[in-house]
Amino acid sequence: MLRLLRPLLLLLLLPPPGSPEPPGLTQLSPGAPPQAPDLLYADGLRAYAAGAWAPAVALLREALRSQAALGRVRLDCGASCAADPGAALPAVLLGAPEPDSGPGPTQGSWERQLLRAALRRADCLTQCAARRLGPGGAARLRVGSALRDAFRRREPYNYLQRAYYQLKKLDLAAAAAHTFFVANPLHLQMREDMAKYRRMSGVRPQSFRDLETPPHWAAYDTGLELLGRQEAGLALPRLEEALQGSLAQMDSCRADCEGPEEQQGAEEEEDGAASQGGLYEAIAGHWIQVLQCRQRCVGETATRPGRSFPVPDFIPNQLRRLHEAHAQVGNLSQAIENVLSVLLFYPEDEAAKRALNQYQAQLGEPRPGLGPREDIQRFILRSLGEKRQLYYAMEHLGTSFKDPDPWTPAALIPEALREKLREDQEKRPWDHEPAKPKPLTYWKDVLLLEGVTLTQDSRQLNGSERAVLDGLLTPAECGVLLQLAKDAAGAGARSGYRGRRSPHTPHERFEGLTVLKAAQLARAGTVGSQGAKLLLEVSERVRTLTEAYFSPERPLHLSFTHLVCRSAIEGEQEQRMDLSHPVHADNCVLDPDTGECWREPPAYTYRDYSGLLYLNDDFQGGDLFFTEPNALTVTARVRPRCGRLVAFSSGVENPHGVWAVTRGRRCALALWHTWAPEHREQEWIEAKELLQESQEEEEEEEEEEEMPSKDPSPEPPSRRHQRVQDKTGRAPRVREEL
């Protein structure tokens, strides 16, 4: 009953028809306790799906307001209850000596103190939440990890911009679109929507405002800009505001880590902190999860919206800017405080030590009370205390911990773990690869220089992160690659399918050719070297354009390249009902019944973008099509033609398949790309080296022909082929890729 009343109550809050503005970026019911964000969000999406735009706006905005209010209550209650003397942890647990209580501490005294403090803290938090949130407190408003992730990705603003647009509130629509786009800069559909809003006469430049980005980023950017213009006096208040905002944002994040235990459930297996069933194991498991979450707050605070990696050394670098700015305006005492704070992170920082000596010399007289900033001292002591516990758990309980800070003292890490951590650090994950600078030209300029045109974008293809590009190959180049595929098939070279006629349908014959196999055949003289070289060149051309269109800030690597031809088998096409390639996603296992896609083996989970470059159109059937996750509803269809590239992201957002080839032979170059350099295609590198060696040998032979030879007889082909195999040092490899 309450579930039915909620939308009705919110509808009563809406203004009457014809009022100047629907509920938007202000609270619907100021002072009222927040409602359950998950239920509000679900109701908002139902209203959106039904086209009830005003109720959808009301419900989605109330969901955002309630989620933010929950975070503020958790932060405020946590701070006030932590100050309660009766809820303080026993000193012995914090590493301090226990007060002398006679011959020795009473056995179990720390345990009683711990449990008493925990119960007192729980009671304080429960009473505080009930006062702020109403009966039931936080237990009534628990938010699951799926909803928290959706809010972190700012998904509500994607729906809000569409609803505001339908209500003809373009200013609010542009603000919601911009807010979503800041956190999702690779979302092509929103990129196109933003361009449309900028062309609309009713949208002002100031409409494009970010409603969610933490304020410390604006202060940080402004401070750096002013400092770069040598305006240190104006920069100082903004830099200080950025530092205080960063610390406050970190506290807010840390407070969220103390939410209900089920909020951490999705990370239990990953972090190795799952409960073992006993009382102390369960307490330790949940506490470790909280500590791991708190440590991750460092990276979250230092990560700009829309970026996948944090600004390195965010807090120490802000302190460096502050001491430089204070020195420029003559505030030497404050400059010394900030540079001493830098030295708390990096005691051996030569630049900081030189600056400290300079400031002290300029100051002249010693100041006894001058030391590092108190807020930074508290930050470091708190962080080091948590790291000690996490490294202990890592060493003795088998849990995992990825330290987000490069300044952690080596002495803090148990000796047994140092070697392993050093090895892990040398194998840096691809996620930490530095961002590639944006190109100076927009992607369209890049494509025009290549003679390529954008034929269909994601809007025309009814999806996201999809594109059709034409003109990537000339007819002559298509002919060379078609001849390469034909010659390889004629030589019996079929790589990628383990000798099967087809991996997907018995009514077609598949022929696959990898870049390494093409290079080996060219080296042996079985196929022309021109085709093998073009295959390499074209695959790199596709990678470059895919990166320019979809991932200009992050380098893409070729993961696998496969020249595939599908030929219809005569006499087996009558009343054919199957597909040439069933509907699937490239980096996850699609479940059409639920619409979910499981990113786990046997899927190639490291694939991030896919591409299909067509070589011909003289066949029947064989069109590529995209569907909804149910694998039934077709959303777009693409007809192959020479030089046409279809590129798209490889996840659940782009399920696709291939219609049956019912007559003729359809050839295309299939390519997959990855952000992970450890998954780049090694065979591509080997093929390039092999073709270069072949070219060098041909040049040497040409030089030898110009000189008198004692043995003018040519080398037998069989001997030459054997020499190629010996030189590569390995037998040709066969890979199966679907």
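User: Where is the place of Leu 64, in which helix?

Analyst: The place of Leu 64 is in helix α3, which covers residues 53-82; helices are DSSP runs of H or I with at least four residues, strands are runs of E with at least two, and both are numbered from the N terminus. This is a predicted model, in which local features need pLDDT of at least 70 and side-chain atom pairs count only at pLDDT 80 or more, while totals for chains, interfaces and linings use all residues. Residues are numbered from 1 along each chain as its sequence is written, and side-chain values use heavy atoms, with hydrogens and water left out.

User: Is Leu 64 buried or exposed, and which residues is Leu 64 in contact with?

Analyst: Buried means under 20% relative accessible area, exposed means over 50%, and partly exposed lies in between (1.4 Å probe, protein chains only). Leu 64 has a relative accessible area of 11% and is therefore buried. Contact means heavy atoms within 4.5 Å, and, leaving aside neighbours within four places in sequence, Leu 64 is in contact with Phe 151, Pro 156, Tyr 157, Leu 160 and Glu 212. Tyr 41 is 23 residues away from Leu 64 in sequence, and their C-alpha atoms are 8.3 Å apart in space.

User: How is Arg 543 placed: in which helix, and buried or exposed?

Analyst: Arg 543 lies in helix α21, residues 529-550, and its relative accessibility of 14% is why this residue counts as buried. Not counting residues up to four places away in sequence, Arg 543 touches Leu 556, His 557, Leu 558 and His 673. Between Arg 543 and Pro 555 there are 9.7 Å in space, C-alpha to C-alpha, for a separation of 12 residues in sequence.

User: How many helices and strands are in the protein chain, and how much of the chain do buried residues make up?

Analyst: The protein chain has 23 helices and 14 strands, and 45% of its 738 residues are buried. Of the contacts between residues at least 6 apart in sequence, 74% join residues at least 24 apart.

User: What is the angle at which the axes of α13 and α14 cross?

Analyst: Two packed helices are described by the angle between their axes and the distance between the axes. Axes are lines fitted to C-alpha atoms, for helices over the stretch in contact, and angles run from 0 to 180 degrees between N-to-C directions. Helix α13 (residues 314-329) and helix α14 (residues 332-345) have axes that come within 8 Å and cross at roughly 155°. Angles under 35 degrees count as roughly parallel, over 145 as roughly antiparallel, 65 to 115 as roughly perpendicular and the rest as oblique, and α13 and α14 are therefore roughly antiparallel to each other. Residues making the contact include Leu 319 and His 323 of α13 and Asn 338 and Val 342 of α14.

User: At what angle do α14 and α16 pack, and which residues make the contact?

Analyst: Helix α16 (residues 374-396) packs with α14 at an angle of about 10°, with the axes 10 Å apart, and that makes the two roughly parallel. The contact is made by Ser 341, Leu 344 and Phe 345 of α14 together with Ile 376, Gln 377, Phe 379 and Ile 380 of α16.

User: How do the axes of α10 and α16 cross?

Analyst: The axes of helix α10 (residues 232-256) and α16 come within 12 Å and cross at roughly 35°. Among the residues making this contact are Leu 247 and Arg 254 of α10, and Phe 379 and Glu 386 of α16.

User: Which value does phi of Gln 230 have, and which value is found for Asn 462?

Analyst: Most residues other than glycine have a negative phi. Phi of Gln 230 is near 65°, a positive value, and this residue lies in the loop between α9 (215-228) and α10. Phi of Asn 462 is also positive, near 60°, and Asn 462 is found in the loop between β1 (453-456) and β2 (466-470). Gln 230 counts as exposed at 62% relative accessibility, and Asn 462 is exposed with a relative accessible area of 52%.

User: Over which residues does pLDDT stay under 50?

Analyst: pLDDT is the predictor's confidence in each residue, from 0 to 100, and where pLDDT is low, the predicted coordinates should not be read in detail. The protein chain averages a pLDDT of 79, and 77% of the residues score at least 70. Over residues 1-28, pLDDT stays under 50, and the model has 42 contacts beyond four places in sequence for them. Residues 94-105 also have a pLDDT below 50, and this stretch has eight contacts in the model beyond near neighbours in sequence.
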